[in-house]
Amino acid sequence: MESEATVRANDITSADTRPWPARTPARAPHAARRPPFARLRRLVSGVLLAAILLAGLGAVAGGFYLATLPSVSDAPQRVAAYLRLHHAIATTPPAPEKIAAAIVAVEDHRFYANHGIDVISMAHFAWGYLSTGSTTEAGATITEQLVKILYIRDPGTPPGELEMLGLALK
């Protein structure tokens, strides 16, 4: 019987003695290397493209939503009816310019800069709601307040708020 050392020696000598195949490079030597941060650039460009597409889809959906909302051309008649209902008297001549400026300054200092909704006030409200859970700091513009009084039946619900924003834009 052969010893264990002899069996190992025979295995080594009978083994294939050909050299290892030469290593081939992962890419051809003439191929250009990727610039640094190529993956990051692709990721950022993909995210930006997705954001642009989502914004476009949101604009289209918002346009369709605005088209489904009722007209606001009857607002003067609704204001007159609201005043009659609450036994208020409408001033025949317009209010003096200084009084109107004071009301705008107190209620909505960006009244002449926004188009019915104030995105800055909405962001401030959202930040306050997310950080404290409080809804005391609302960001309604004068236009939104008028729409809420004249058109919205359930102003506290999300559908009512969405309708209020759409009508304020109209």
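H87 sits in the loop between α3 and α4. This residue has a positive phi of about 55 degrees even though it is not a glycine. H87 is exposed, at 74% relative accessible area; here exposed means over 50%, buried under 20%, and partly exposed in between, with a 1.4 Å probe and protein chains only. Helices are DSSP runs of H or I with at least four residues, strands are runs of E with at least two, and both are numbered from the N terminus.

A quick word on where this comes from: the model is predicted, so local features need pLDDT of at least 70 and side-chain atom pairs count only at pLDDT 80 or more, while totals for chains, interfaces and linings use all residues. Residues are numbered from 1 along each chain as its sequence is written, and side-chain values use heavy atoms, with hydrogens and water left out.

**The overall picture**

The protein has seven helices and zero strands, which read along the sequence as α-α-α-α-α-α-α. Buried residues account for 13% of its 170 residues. Take the contacts (heavy atoms within 4.5 Å) between residues at least 6 apart in sequence: 58% of them join residues at least 24 apart.

**The core and α7**

The largest nonpolar core is made of 10 residues: L69, A75, I117, V147, L150, Y151, I152, M164, L167 and A168. Such a core is a set of buried Ala, Val, Leu, Ile, Met, Phe, Trp, Tyr and Cys residues joined through side-chain atoms within 4.5 Å. Helices α6 (142-150) and α7 (158-169) each supply at least two residues of this core, and α7 gives the largest share, three residues. In soluble globular proteins, nonpolar side chains tend to be buried together.

The buried residues of α7 are G160, M164, G166, L167 and A168, and they pack against α2 (38-68) and α6.

G63 is partly exposed, at 37% relative accessibility. Here are two pairs by C-alpha to C-alpha distance:

| Pair | Apart in sequence | Apart in space |
|---|---|---|
| G63 and G166 | 103 residues | 9.6 Å |
| V119 and A140 | 21 residues | 9.9 Å |

V119 belongs to helix α5 and is exposed, with a relative accessible area of 59%.

**A buried aspartate**

D118 lies in the loop between α4 (97-107) and α5 (119-132). D118 counts as buried because its relative accessible area is 5%. Its side chain makes a polar contact of 2.9 Å with the side chain of R110. A polar contact is a pair of N or O atoms within 3.5 Å; within protein, one must be able to donate a hydrogen and the other to accept it, and residues adjacent in sequence count only if both atoms are side-chain atoms. Neighbours within four places in sequence aside, D118 is in contact with D108, R110, T141 and E144.

**The largest pocket**

The largest pocket holds about 490 Å³ of space. Of its 17 lining residues, the closest to the centre are V79, A95, I103, I142 and L146. The elements giving two or more residues to the lining are α3 (75-85), α4 and α6, and the largest share, five residues, comes from α6.

For the method, a pocket is an open set of points on a 1 Å grid over the protein atoms alone, where a 1.4 Å probe fits and protein lies on both sides within 12 Å along at least five of seven lines; lining residues have an atom within 4 Å of a point. Points are joined across faces, edges and corners, and the volume is the space filled by probe spheres set on them.
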